[in-house]
Amino acid sequence: MASPALLMRVVASAYSVAEKAATIVRNVMAAGDLAIVEKTGANDLQTKADRLVQMSICASLARKFPKVTIIGEEELTTDEVTEELIEDGHCEEILKRTCPAQYTGIKEEELVIWVDPLDGTKEYTEGLLDHVTVLIGIAYGGKAIAGVINQPYYNYEAGADAVLGRTIWGVLGIGAFGFQLTEAPAGKHIIITTRSHSSTLVNDCISALNPDSVIRVGGAGNKVIQLIEGKASAYVFASPGCKKWDTCAPEAILHAVGGKMTDIHGNSFQYNKEVKHMNSAGVLATLRNYDYYASRVPNTVKQSLMP
């Protein structure tokens with residue numbers, strides 16, 4: 001049998017690397033010292049978990065796939081990486097899947113991996129553990145084509161015997177796995193948006209969509225999970241705060257199940273290695289009925305958010 005295509009090997013490794021990351025996230029929390037650093041302010045934090053997880057993910061993937069470009073959120077040197085942070089396993093089930101034909105010839109140097117070691121850091125420091133995700137997005141030709149999202153604390157309120165954490169993965173042309181795909185209630189407009197980065201613009205945009213309800217939570221990964229599990233109908237963020245490592249993995253998973261994610265103007269995100277990191281024109285994402293929401297974004301909001 002032919003050896004699995006590069007893309008499937010990268011995704012299978014990213015799966016195991018994300019599971020290792022989740023263990024690090026839980027261990028740091030359990031040890032009690034988060035070692036919080038403010039980066040640009042009280043809403044932009046970095047903890048010991050962010051640092052260790054990024055070192056673990058980047059070093060583990062770089063060791064196996066040395067020519068792949070890996071871009072992580074935190075500015076860190078990789079020379080402090082200890083062997084215990086390295087994960088060299090992979091998910092067998094993913095390797096058994098057939099790689100979509102359009103991705104079989106990909107070379108290592110053509111892939112860009114966008115890493116958010118801990119999406120929802122502020123929520124992590126506040127104990128809102130279900131908001132927290134680890135994001136590994138894989139891009140080719142500037143497009144998000146595969147992603148892994150780990151929720152280290154999935155099920156954490158289910159009691160002491162519950163299995164903690166889960167890993168969701170997806171590849172365009174194959175689908176997405178590790179969760180139950182559910183559509184939001186028909187005819188209901190449930191908007192999910194930012195919890196800690198709200199603004200007049202964010203709120204103006206949401207009211208223009210005339211929602212039945214608004215859910216405010218942390219983490220881009222968490223918001224997209226709410227879309228694919230039917231808890232929200234649209235993820236709307238009319239603000240420049242979000243970065244490529246926040247959206248790459250969630251976008252790939254959303255697109256793998258037929259959803260859509262763009263900026264507020266309807267432009268696709270680009271994920272090639274030269275691209276600027278900020279998604280300065282916001283985020284609009286849905287599992288279904290994208291056009292309904294896109295058509296209702298006010299021009300005043302679009303004019304305030306230039307790509």
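Student: How do the residues lining the largest pocket divide by kind, and what makes a residue nonpolar, polar or charged?

Tutor: The lining of the largest pocket divides into 9 nonpolar, 9 polar and 10 charged residues. Here Ala, Val, Leu, Ile, Met, Phe, Trp, Tyr, Cys and Pro count as nonpolar, Asp, Glu, Lys and Arg as charged, and the others, Gly among them, as polar. Before we go on, note that this is a predicted model, where local features need pLDDT of at least 70, side-chain atom pairs count only at pLDDT 80 or more, and totals for chains, interfaces and linings use all residues. Residues are numbered from 1 along each chain as its sequence is written, and side-chain values use heavy atoms, leaving out hydrogens and water.

Student: What makes this space a pocket rather than a cavity?

Tutor: On a 1 Å grid over the protein atoms alone, a cavity is a set of points where a 1.4 Å probe fits but cannot get out, whereas a pocket is an open set with protein on both sides within 12 Å along at least five of seven lines. The largest pocket holds about 520 Å³, a volume being the space filled by probe spheres set on the points, with grid points joined across faces, edges and corners.

Student: Which residues lie nearest the centre of the largest pocket, and how do you know that a residue lines it?

Tutor: A lining residue has an atom within 4 Å of a point. For the largest pocket 28 residues qualify, and Asn43, Asp119, His197, Gly241 and Asp246 lie nearest the centre. At least two lining residues come from each of β2 (44-46), β4, α4 (121-125), α6, β11 (234-237) and α7 (244-256). These names are given to DSSP runs, helices being H or I with at least four residues and strands E with at least two, numbered from the N terminus.

Student: How do you know that β4 and β5 pair?

Tutor: Two strands pair if DSSP finds at least two bridges between them. Strand β4 (residues 111-119) and strand β5 (residues 133-140) are joined by 7 bridges and run antiparallel, so they meet that definition. Asp116, for instance, stands opposite Leu135 in β5.

Student: What makes α6 a largely enclosed helix?

Tutor: Buried means under 20% relative accessible area, exposed over 50%, and partly exposed in between (1.4 Å probe, protein chains only). In α6, 9 of the 9 residues are buried, so the helix is largely enclosed by the rest of the structure. Among them are Asn222, Lys223 and Gln226.

Student: Why is Arg166 called buried?

Tutor: Its relative accessibility is 11%, so Arg166 counts as buried. Arg166 is found in strand β7. There, Arg166, Ile168 and Gly170 on one side and Thr167, Trp169 and Val171 on the other are all buried.

Student: Which residues is Arg166 in contact with, beyond its neighbours within four places in sequence?

Tutor: They include Ile149, Tyr154, Phe179, Ile225 and Glu229, contact meaning heavy atoms within 4.5 Å. Gln151 is in contact too, and Arg166 is the bridge partner of Gln151.

Student: How many residues lie between the strands of the β7 and β8 hairpin?

Tutor: There are 3, and Gly173 in the turn has a positive phi of about 90°. The two strands pair in the antiparallel sense over 3 bridges, with Ala176 as the bridge partner of Gly170.
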